Amino acid sequence: MRLSSAGRFLSGVAFSIAFVVSSVLLGAGASASPQWCEEDPTFVVNGALVDVSTTFAYEYAGSVKGPVEFELLVPSNVVAAVVSLPGTVPVTAKITRSLPATGLLFIPVVVKVTVPATASFATSTRITGTYLWLSSKAAGKSNTTTKVSVTLIGL
């Protein structure tokens with residue numbers, strides 16, 4: 001079966017595009033960018049998932065001197081639970097129902113993160129999830145509690 005010159009041209013273009021895309025995707029893993037530790041607990045608040053992700057440079061993982069502590073502050077009238085606690089270093093999570101009771105349409109949530117360590121380094125905490133009014137991100141530092149606030153839209 002012989003390909004016409006237009007068919008050969010199109011197959012050559014398709015091959016070239018596939019080559020460039022695969023080179024970019026495979027080459028991305030080979031770059032010399034820094035490696036990161038990501039502590040990523042997930043909570044559920046009134047049926048909505050709240051994913052908290054705190055990252056810091058992997059070179060500081062050995063200086064973490066205790067578990068990374070996550071505290072989720074929620075209104076007293078909501079149902080909340082810890083769903084998962086994955087991480088590259090030890091992690092703890094707790095829920096504190098210390099915020100005033102609120103209507104169930106807009107639910108304020110505050111996340112407090114503390115990374116205890118023997119070294120001082122930058123951290124970054126991001127909150128995403130289902131039914132968030134806005135996702136939020138905050139810069140922090142080891143040995144200092146970082147606070148991030150979001151609002152959930154009630155189900």
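Buried means under 20% relative accessible area, exposed means over 50%, and partly exposed lies in between, with a 1.4 Å probe and protein chains only. By that scale Lys 112 is partly exposed, at a relative accessible area of 25%. The model is predicted: local features need pLDDT of at least 70, side-chain atom pairs count only at pLDDT 80 or more, and totals for chains, interfaces and linings use all residues. Residues are numbered from 1 along each chain as its sequence is written, and side-chain values use heavy atoms, with hydrogens and water left out.

Glu 71 lies in strand 4 (residues 68-75) and Lys 112 in strand 7 (residues 106-114), so the pair ties together parts that are 41 residues apart in sequence. Strands here are DSSP runs (E, at least two residues), numbered from the N terminus. Glu 71 is buried, with a relative accessible area of 17%.

Glu 39 is buried yet has no salt bridge, and the nearest side chain of opposite charge, Arg 126, is 13 Å away. For charge, Lys and Arg count as positive and Asp and Glu as negative, while His and the chain ends are not counted. What does the side chain of Glu 39 make a polar contact with? The partner is the side chain of Thr 88, at 2.8 Å. A polar contact is a pair of N or O atoms within 3.5 Å; within protein, one must be able to donate a hydrogen and the other to accept it, and residues adjacent in sequence count only if both atoms are side-chain atoms. The side chain of Glu 39 also reaches the backbone nitrogen of Val 89 at 3.5 Å. Not counting residues up to four places away in sequence, Glu 39 touches several residues (heavy atoms within 4.5 Å), among them Ser 53, Phe 56, Phe 70 and Val 91.

Strand 3 (residues 48-57) is mostly covered, with seven of its ten residues buried. Two strands pair if DSSP finds at least two bridges between them. Strand 1 and strand 3 run antiparallel and are joined by four bridges, with Glu 38 opposite Thr 55. Strand 2 (residues 42-45) is likewise antiparallel to strand 3, through four bridges, and Val 44 stands opposite Leu 49. The hairpin of strand 2 and strand 3 has two residues between the strands, and Asn 46 takes a positive phi near 50 degrees there. Strand 3 also pairs with strand 8 (residues 122-129) in the antiparallel sense over six bridges; the bridge partner of Ser 53 in strand 8 is Arg 126.

A search of the whole structure finds two aromatic pairs. Rings of Phe, Tyr and Trp (its six-membered ring) pair if their centres lie within 6.5 Å; planes under 30 degrees apart count as stacked, over 60 as edge-to-face and the rest as tilted. The rings of Phe 56 and Phe 121 have centres 5.2 Å apart and planes at 40 degrees, so this pair is tilted. Phe 56 is buried at 0% relative accessibility, and Phe 121 is buried at 2% relative accessible area. The rings of Tyr 60 and Phe 121 have centres 4.6 Å apart and planes at 10 degrees, so that pair is stacked. Phe 56, Tyr 60 and Phe 121 form one aromatic cluster.

Technical notes. A salt bridge is a side-chain nitrogen of Lys or Arg within 4 Å of a carboxyl oxygen of Asp or Glu.
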